[in-house]
Amino acid sequence: MIHTHATVVLNERLAPDYGRVRLCCEAGFAQARPGQFLMLGFPGAIDPLLRRPFSIHRLVSGADGSRWIEVLYKVVGKATRRLSQVSAGGVLSLLGPLGRGFQVPPGVGRLYCVAGGFGVAPFVFLAEWLQRQASPPAELQVFLGGRGKADLLCLADFERLGVPVRLTTDDGSCGDQCRVTDPFAEAVAQRPPDLVLACGPKAMLACVLGIVRAHRVACQVSIEAMMACGMGACLGCAVEGRRDPGRYLHACVDGPVFDADAVVLE
Ligand SMILES: Cc1cc2nc3c(=O)[nH]c(=O)nc-3n(C[C@H](O)[C@H](O)[C@H](O)COP(=O)(O)OP(=O)(O)OC[C@H]3O[C@@H](n4cnc5c(N)ncnc54)[C@H](O)[C@@H]3O)c2cc1C
Ligand code: FES
């Protein structure tokens with residue numbers, strides 16, 4: 001784990017409430033895996049005092065050997081608003097890579113990724129990372145849902161990577177007007193995957209779990225618990241365990257990615 005100050009190289013607005021920030025990072029971040037996260041903060045700030053967790057969205061290497069790490073963010077409160085206002089040259093405090101990421105065994109045939117809103121962030125990293133592996137999945141399909149068109153992010157990234165994306169919105173402004181779990185459930189029934197990975201709101205994850213359990217499909221979910229430290233010290237990110245009832249797991253160190261049968265979300 002690296003604790004450092006990182007310089008902002010670029011901070012771009014993607015949609016009214018969303019942005020993507022690119023940070024210079026140390027070579028050690030090359031070890032990061034899709035699904036792991038960072039804690040980002042503002043050096044010297046009193047409010048917001050605590051760093052906030054964000055999925056690693058992309059690791060990028062420049063032609064000159066520079067290394068950058070990207071985070072996709074939605075503005076929801078003080079820290080994300082301040083993040084949206086940081087310009088190139090600004091400095092953030094960065095802790096990571098943290099947690100347990102997605103585990104995709106070599107030779108998986110068909111992989112489905114289900115994302116809600118900014119839950120898409122780790123899947124761009126995943127798609128890029130899989131393409132560098134010796135035996136990537138034969139088929140990768142993303143299911144992406146949002147409230148409206150402005151909540152459907154990273155479409156150009158998936159197009160560049162040749163990854164098909166099934167889109168849904170609650171208001172029908174883009175893709176099918178339904179929950180993202182509707183086309184996902186149909187696909188699981190018609191063309192069962194070998195593995196499902198999901199990241200998004202808790203209600204979406206609970207629905208995904210219901211579908212994969214009914215079809216006995218392997219699944220991992222990334223859980224967005226509230227986090228204060230990101231390192232297992234504050235015990236603020238407790239998630240109820242399923243294998244050992246009454247035993248609580250901690251999303252920052254035991255997750256944020258968990259096997260579907262390891263946690264209770266319903
Ligand atoms: C492992 C992990 C990965 C994450 N990845 C991303 C990401 O890639 N992009 C992104 O935009 N956000 C991500 N989040 C959520 C992000 O950490 C919160 O949105 C952020 O901390 C909000 O800070 P704030 O000060 O702007 O808002 P606050 O004022 O702290 O909160 C504003 C609202 O957001 C809710 N909220 C705050 N933190 C969380 C949380 N962790 N989970 C659910 N609701 C929360 C609060 O209850 C409140 O309603 C991730 C969270 C976790 C745990
Ligand atoms: S965030 Fe502190 S223990 Fe998980």
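Which of the 21 residues around ligand 1 come nearest? Select R52, G77, A79, T80 and A121. "Near" here means a C-beta atom, placed from the backbone, within 6 Å.

This is a predicted model, where local features need pLDDT of at least 70, side-chain atom pairs count only at pLDDT 80 or more, and totals for chains, interfaces and linings use all residues. Residues are numbered from 1 along each chain as its sequence is written, and chains are lettered from A and ligands numbered from 1 in the order in which they are written.

**Stop 1: the ligand shell.** Select β4 (52–55), β6 (67–74) and α1 (78–84); each gives the shell around ligand 1 at least two residues. Helices (H or I, at least four residues) and strands (E, at least two) are DSSP runs, numbered from the N terminus. β4 supplies the largest share, four residues.

**Stop 2: the sheet.** Now find the open sheet of seven strands, in the order β11-β10-β9-β8-β12-β13-β16, with mixed pairing. Its edge strands are β11 (176–177) and β16 (257–259), and each pairs on one side only. Two strands pair if DSSP finds at least two bridges between them. Zoom in on β13 (residues 218–222): β13 and β16 pair in the antiparallel sense over three bridges. Pick V221; its bridge partner in β16 is F258.

**Stop 3: helix α4.** Select residues 181–190. T181, F184 and V188 are buried (20 or more other C-beta atoms within 10 Å of a residue's own; exposed means 12 or fewer; C-beta atoms are placed from the backbone). Turn to the face away from the buried side: E186, A189 and Q190 are exposed there.
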